[in-house]
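Trainee: Could you walk me through the labels on this one? I'd like to know what backs each of them up.

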Amino acid sequence: MDAFDWSTTPLGARDNWPSELEAVVRQILDSRFPKAIVWGPSFTTIYNDAFVPILGDKHVALGRSFADIWSEIWGEIGPIAARAYAGEATYIEDFPLIID
């Protein structure tokens with residue numbers, strides 16, 4: 001996370017991140033529970049080490065768009081992400097997805 005070149009992402013250099021993003025990222029990195037955050041209109045993905053097994057072969061996902069990482073299911077989860085970005089909470093139960 002610290003060694004990653006964030007200037008190549010829509011988030012820009014980490015020195016310029018808003019304090020809210022830095023606070024959430026610190027919480028994610030301090031947790032042993034798998035956690036990820038998708039930030040901004042480009043759905044830029046940040047995650048902790050515990051989240052890596054969830055990614056499977058998609059392990060090179062840091063700083064990439066959540067839409068690109070999960071392109072095979074974006075049709076199902078894209079609308080959920082859009083609602084979340086708009087500030088709407090979503091509860092999901094029994095939501096099977098087939099992912100690569």
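Predicted model: local features only at pLDDT ≥ 70, side-chain atom pairs only at ≥ 80, totals over all residues.

Trainee: Which residues of α1 are the buried ones?

Mentor: L21, V25 and I28. Buried means under 20% relative accessible area, exposed over 50%, and partly exposed in between, using a 1.4 Å probe on protein chains only.

Trainee: And how do you know that they sit on the same side of α1?

Mentor: They cover an arc of only 60 degrees around the axis, so they share a side of α1. That arc is taken from the directions from the helix axis to the C-beta atoms. These buried residues pack against β1 (36-39) and β2 (44-47).

Trainee: What makes the span of α1 agree with what a helix should give?

Mentor: Helices are DSSP runs of H or I with at least four residues, strands are runs of E with at least two, and both are numbered from the N terminus. The expected span is 1.5 Å times one less than the number of residues. For the twelve residues of α1 (19-30) that should be 16 Å, and the end C-alpha atoms are 16 Å apart, so the two agree.

Trainee: Why is L55 called buried?

Mentor: Its relative accessibility is 2%, and the cut-off is under 20%, so L55 counts as buried. L55 is in helix α2 (residues 52-55). Leaving out residues up to four places away in sequence, L55 touches Y47, A61, I69 and W70; contact here means heavy atoms within 4.5 Å.

Trainee: Why does S65 get the label buried?

Mentor: S65 comes in at 17%, which is under 20%, so it counts as buried. S65 lies in the loop between α2 and α3 (66-69). Beyond its neighbours within four places in sequence, S65 is in contact with S42, F43 and T45.

Trainee: Why is M1 called partly exposed?

Mentor: Its relative accessible area is 22%, which falls between the 20% and 50% limits, so M1 is partly exposed. M1 lies in the segment before α1. Counting no residues up to four places away in sequence, M1 touches several residues, among them W6, W17, V25 and L62. The C-alpha atoms of M1 and I28 are 11 Å apart.

Trainee: On to the pockets: what makes the lining of the largest pocket mainly one class?

Mentor: It has twelve nonpolar, two polar and no charged residues. Ala, Val, Leu, Ile, Met, Phe, Trp, Tyr, Cys and Pro count as nonpolar, Asp, Glu, Lys and Arg as charged, and the others, Gly among them, as polar. A pocket is an open set of points, on a 1 Å grid over the protein atoms alone, with protein on both sides within 12 Å along at least five of seven lines; lining residues have an atom within 4 Å of a point.

Trainee: Which residues lie nearest the centre of the largest pocket?

Mentor: Of its 14 lining residues, V38, F66, I80, A81 and A84. The largest share of the lining, five residues, comes from α4. In α4 (74-85), I77, G78, I80 and A81 are buried, and what covers them includes α3.

Trainee: How much space lies in the second largest pocket?

Mentor: About 190 Å³. Its lining has eleven nonpolar, no polar and one charged residues, and the residues lining it include K35, V38, F66 and W70.

How values were computed
Residues numbered from 1 in each chain as written. Heavy atoms only, no water. 1 Å grid on protein atoms, 1.4 Å probe; cavity = no way out; pocket = protein on both sides within 12 Å on 5 of 7 lines; lining within 4 Å. Points joined across faces, edges and corners; volume = space filled by probe spheres on them.
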